[in-house]
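Please keep the sequence and the model in view while reading.

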Number of protein chains: 2
Amino acid sequence: MRVVVLGAGFGGLTFCQTLDCPRAHVTLVDRQNHHLFQPLLYQVATAGLSAPEIAQPVRSILRNRRNITVLMHDVTGIDMAKKNVQLGSSFLPYDYLVIALGGVTSYFGHPAWERHAPGLKTLDDALRIRQRILLAFERAENSVEAAERERLMTIVVVGGGATGAELAGAFAELSRRVLKRDFRRIDPRQTRVILVEAGPRLLPHFPTRLSTNAAARLEKMGVEVRTGHRVADIGDGILYLADGDRIQSANIIWAAGVEANPLTRELGVDLDRSGRIRVNPDLSVPGHPEAFAIGDVALVQDGNGGQVPGVSPAAMQMARHVARLIHQECGSGNANSDKRPEFHYRNKGTMATIGRSAAVAQIGQFAFSGWPAWAAWLLVHLIELIGFRNKSAVLLQWTYSYFNYQLGSRIVFGPENSVMSPVLRRNNP
Amino acid sequence: MRVVVLGAGFGGLTFCQTLDCPRAHVTLVDRQNHHLFQPLLYQVATAGLSAPEIAQPVRSILRNRRNITVLMHDVTGIDMAKKNVQLGSSFLPYDYLVIALGGVTSYFGHPAWERHAPGLKTLDDALRIRQRILLAFERAENSVEAAERERLMTIVVVGGGATGAELAGAFAELSRRVLKRDFRRIDPRQTRVILVEAGPRLLPHFPTRLSTNAAARLEKMGVEVRTGHRVADIGDGILYLADGDRIQSANIIWAAGVEANPLTRELGVDLDRSGRIRVNPDLSVPGHPEAFAIGDVALVQDGNGGQVPGVSPAAMQMARHVARLIHQECGSGNANSDKRPEFHYRNKGTMATIGRSAAVAQIGQFAFSGWPAWAAWLLVHLIELIGFRNKSAVLLQWTYSYFNYQLGSRIVFGPENSVMSPVLRRNNP
C-alpha cells in the first residue's frame, strides 16, 4: 500500500510519525530538506535565534522509520484521477494521498509588493529579512546623509496579527537594547519601528482586552502602533497609506496575509478564496476518499460555525485524525469514506509574545497577559520544539540573551552580503 | 591620533583589543560584520557546526571600547602617500595604518577553476560547500541513473594540507556515520571521498611520521589518499590529473592554496609571489614607518631562515607586537622606525584534526597523534574561541555529535536551495 505525503510541516511530519500501518510504504515529499519550527521563525528574522536552532533535517527525524522514504523535491503536479504525484520528470503513484503543503505569503492580488516588502514563511525569508535589517544599520553607520540614515533606521511591519506583533516587538528590542552600544555614529535607539494594521485592533483573534494590552505594551517598548491604516501601495523603500500618508523605510516587512499553497488551484476541487480545499468532515477531499488535505491547505469547520485556525496544533490534530483513519483501513487497503469518524478540533489555546516577559495568552476561558503568559509561551514552545539539540540550544540561547541582551545570531552572510552595490563590488576584491 | 585597521580577522581584532593608547581614535574596517573563527570553518562546510557558532559580530566584541569605530565596508583603495584609505566614495585619513586583510583562495593562475571547485575561506564559502554536498545526496536519492548517482556521491578534496585533510576526514564521517541511516534508495557509506595532493605526502608542515600517521588514519576512515598527483585541469564536475587519470565528481573542493588579499598588489610595495608584503623586522612596510602589515598579508622571517607560517597564533603575535610599538609612540604620536624592537615569532605548535578522536600535533619537540592530540586540539580551540556563547554552543554541539553521530547543521537554505534547476523551479510554486 503506497501512501504519499506532500509537505514536511507540522501536519505532514506528525502524520508520518503517528501512522501505524506496517503494510504502508510511505513517501514524504518536501521542497526543503528540513522541518521548520514556524512559531519561532520571527526570532530568526530578528537575529534572536540561528537558522539551525529552529530547523531539523526531516531525514534525521524519520531516520528510524524504515518504511518511510523522504524525497527532497518540488511537487510539479498532482493527478487525482490517475492517482499519482509528479516530481519533475518522474511520477509517484499512490493509494492514499495526504496533502499538507501549508501556506504561502499572500499579497492580496498585489504580487508586485513582494519585491519591496518580503514576507516571512520560510527560513530563506527569515534570513533575508535579518540580513536586510542588519545591513541597513551598517549602511546607516557608513552614511553621512541624515535623510538616508532615517530611511535606513525605519522599520515598518505590515499586519497586526501574531506574527506582525511579534516581529515589531522583537525589532524594538533589537534596536533599543541589543544594538544600543554597538555603534558610534548612529544611535540605534532612535530607530523607528512602525506596526501598520488595517483593522481596528491588533491580534484580532484574541479578546479585545488582550489586544489593548498588547498595543499598550508595544508602545511602551517604542513601537508606533497604527491600527485602522490600510496600505494603498508599496514601492521601493516607501509605503503609501490609504489616508494619503507615506512612510520612507528601507525595511518594510509584510506580515499581513497567508494563503494556501498555489498547487491546490490545479487540483480541480472546490476551494475558498484563499485557495484552501473545502474538505469533508473526515478531512478527505470531496470525490476522492483516498486523498486528504490537512493543515493550512484545508478549510475545516470547527463545529461552532467558525473555522479551524491555521495554527500548528490544528495541523497536528488533523494529521493524527487522518493517520487513525488510514490505520483502520490499513488491513483492507481500500479507501472507504462511508463510516469514517468526523474530525473534531480541540482548541488548546493561543498565544502571542511581544517581548521580554511580555505575551498574551488565551487558554479555554482564561485570557491573561504579561509575565505568566510569557512563561507559558516559553514553556509550551520549548516542549513542542522537535529534537533535543534544538531544545537545549534554544534554551541556552534564550537564557543567555535574556540576561545579556546579546543576540548571538547577528551574522550577515549570503549573496547580497555587502554594504556596497554588487556593481561597485565587482570592481574590487 | 587616527589609527585605521583593515580587516577584523585574528590580526586586526587582536590589535584592537590590545592597543592601549587613550589618544588613539581607532577605525576598524571589514567587508564582513563578523569575526570568523577560521580554524573551525571546515566544520561548517561539513555540517558539523552552524555558521553563528564560529562567527561573532565584530561590534559586539568591541562594543565596550568607546574609542573604536567599526565600519562594515569594502576597502576600495589605499593611498600610502596621502595616508588615507578609500571606502567607496569616502576617505579615511590615518596617522597609523594596520593592514590585516588576510588571505584569499589561490588557484595558481587558473581562476576558471573556481567555478567548478570552490575554495574555503569565508562563511559564504563554507555554506555554499555544505549546501552543494547535502543537495548532491538529495539528488542522488532522487536519481535513477547509476552513473549519475556515482558522480553525485563522489567528493574530491584537492590539497593535502591541514584544511584538506580535515575536510576529507569530516566528509568521510559525514557519509559513513552521520548520513548512514538517513536514505532509503542510496547507501551514503558508498560515498567516495578522494584526497588529491601534488606533493609526496600529506601535511607537509608536519614531521614525516605524522604525515604517514594521518594518511593511514584517513584511509582507515575510508578516504582514498592520492599523494603525488598533480591536477592538470578542472571542468564542470570533472577533475583531470596530470597522469591522464580523470575523476567524475559533482563535489570538487579546492583546498590547495592561499595567497594574500589582492589589495596588496595596488600598494606599490615589494611583494613575494603570493602577494605578501615584505615587511621590515618591526613589521612596518618599507618606506612607511606609519604603516604595518600583519598576518597572512605579511612575509616575515622567523629567524631560523624560514618564514612565519600563515596561522592565527602568528597573526595574533604580530598584532600584539604592533600594538606595543604604537603604544610606545602614543605620546609623541609621530611614527619613528629607528629604535623599534624587532618582531620575534614564538611557535607554540601546530595541530590538525582528522576525525573523531584522531588528530596530529607538534608542540615544541613533541610530535604526537591519536587521542591525546585530538584532546589537545579540542581544548586549544575551545579556549581560543572568542565569546562565551560560541564556546558553550560549540561544546554542546560537539558533545552531542560525538555521542550521537547526529550533526545538527544539515539545513539547506540559500539561493540555489532546490534539487531542481531554477528554470524548472520558476514554472511551479
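In the largest nonpolar core, which has 64 residues, Ile54(B), Leu167(B) and Phe171(B) touch the most other members. A nonpolar core is a set of buried Ala, Val, Leu, Ile, Met, Phe, Trp, Tyr and Cys residues joined through side-chain atoms within 4.5 Å. Here buried means under 20% relative accessible area, exposed means over 50%, and partly exposed lies in between (1.4 Å probe, protein chains only). Another core, of 63 residues, lies apart from the largest one and includes Phe10(A), Leu174(A), Phe206(A) and Trp374(A).

The model is predicted: local features need pLDDT of at least 70 and side-chain atom pairs count only at pLDDT 80 or more, while totals for chains, interfaces and linings use all residues. Residues are numbered from 1 along each chain as its sequence is written, chains are lettered from A and ligands numbered from 1 in the order in which they are written, and side-chain values use heavy atoms, with hydrogens and water left out.

We turn now to charge. Side chains of opposite charge can pair when their charged atoms come close. A salt bridge is a side-chain nitrogen of Lys or Arg within 4 Å of a carboxyl oxygen of Asp or Glu, and a search of the whole structure finds 31 of them over all chains.

One salt bridge joins Asp95(A) to Arg2(A), with the closest N and O atoms 3.2 Å apart. This pair links distant parts of the chain, 93 residues apart: Arg2(A) belongs to strand S1 (residues 2-6) of chain A, and Asp95(A) to the loop between strand S8 (90-93) and strand S9 (96-99). Helices (H or I, at least four residues) and strands (E, at least two) are DSSP runs, numbered from the N terminus. Asp95(A) counts as partly exposed because its relative accessible area is 26%; Arg2(A), at 38%, is also partly exposed.

Is the pair Asp282(A) and Arg340(A) buried or exposed? Both residues are buried. Their salt bridge brings the closest N and O atoms to 3.0 Å.

In a further salt bridge, the side chains of Lys82(A) and Asp79(A) meet at 3.4 Å, N to O. Lys82(A) has 64% relative accessibility and therefore counts as exposed, whereas Asp79(A), at 25%, is partly exposed. Finally, Arg192(A), Glu224(A), Arg226(A) and Asp245(A) are linked in a network of salt bridges.
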